[in-house]
Amino acid sequence: MIKHYYWPTPNGHKTAIMLEEVELEYEVCTVNILEGDQFDPAFIAISPNNRIPAIVDTDGPQGEPYTVFESGAILMYLAEKTGKLWPQDSVERYDVIQWLMFQMGNVGPMFGQNGYFQGYCPEDVPLAKERYHNVCKQLYGVMDRRLGESEYLAGSNYSIADVATFPWAMPKQQEMHRIDITQYPNVKRWSETVAMRPAVQRGIAVMAEDMKVGNPTEETYNNMFGAKQFKQ
Ligand SMILES: N[C@@H](CCC(=O)N[C@@H](CS)C(=O)NCC(=O)O)C(=O)O
């Protein structure tokens, strides 16, 4: 059984989708990051950087409970545990790992900054808005070129690289990141294909009604982006 420490955000969606894709039995353990649940010492013992998602596999290696934090590591762990979305061939597997790392090191962090300066920053900071929007568009360009030569990010098969990237590049996020998707027809084709997968739809639907960071109160802003973040 997998305990899934979760809140419905793009990083949370990655592992929610993955759990549906690999069909492992799981339980959702809600971590309300707007209300500051991520600072609970019991959660930090599982996720040292106070961020969702995290998992505890009650039936981990050697039958012992095992905790995993960082969404990319969780996707790799679940892929390896089940053998799904995880090629056996080492070249194909490293193609997956490269595009997974591209998401973890670039798409996630940069889109996150773009989202912050476009939507949540209490001040208008034009230079930051322009910079992160440009970085975001550049990364869309990289994905578009790649998806012009292969059906999915890591090659001809759907993989954890797509699971990691889709929640940051799905239509709702394209809008939030001020992306004109007609400029990136291959990303458009890919995102529409991935969105049709039943497991993706089930994953995105988990706690969908709670996905509302918009117009944060002083307290929720403080928990997500403000003083509370830097207290430890
Ligand atoms: N690199 C981490 C990033 C996770 C992350 O930023 N999670 C956000 C939600 S999308 C979070 O938990 N924020 C709460 C906080 O910053 O206190 C991963 O991919 O798992």
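## Domains

Domain bounds here come from an automatic or database domain assignment. For the protein chain, this gives domain 1 (2–84 + 214–230) and domain 2 (90–196). The centres of the two domains, taken over C-alpha atoms, are 21 Å apart.

The model is predicted: local features need pLDDT of at least 70, side-chain atom pairs count only at pLDDT 80 or more, and totals for chains, interfaces and linings use all residues. Residue numbers start from 1 along each chain as its sequence is written.

## Where the domains touch

Two residues are in contact if their C-beta atoms, placed from the backbone, lie within 7 Å. By that rule, 14 residues of domain 1 are in contact with eleven residues of domain 2.

On the domain 1 side, helix 1 (10–22) and helix 3 (71–82) are the elements that give two or more residues. Helix 1 gives the most, with seven residues. Helices (H or I, at least four residues) are DSSP runs, numbered from the N terminus. By class, this side has eight nonpolar, four polar and two charged residues. Nonpolar means Ala, Val, Leu, Ile, Met, Phe, Trp, Tyr, Cys and Pro; charged means Asp, Glu, Lys and Arg; the others, Gly among them, are polar.

## Helix 6 against helix 8

The axes of helix 6 (residues 160–169) and helix 8 (residues 185–195) come within 10 Å and cross at roughly 105 degrees. Axes are lines fitted to C-alpha atoms, for helices over the stretch in contact, and angles run from 0 to 180 degrees between N-to-C directions. Helix 6 and helix 8 are therefore roughly perpendicular (65 to 115 degrees).

Helix 6 makes the contact through Asp162, Phe166 and Ala169, and helix 8 through Val187, Ser191 and Val194. By class, that is four nonpolar, one polar and one charged residues.

Conventions:
Angles under 35 degrees count as roughly parallel, over 145 as roughly antiparallel, 65 to 115 as roughly perpendicular and the rest as oblique.
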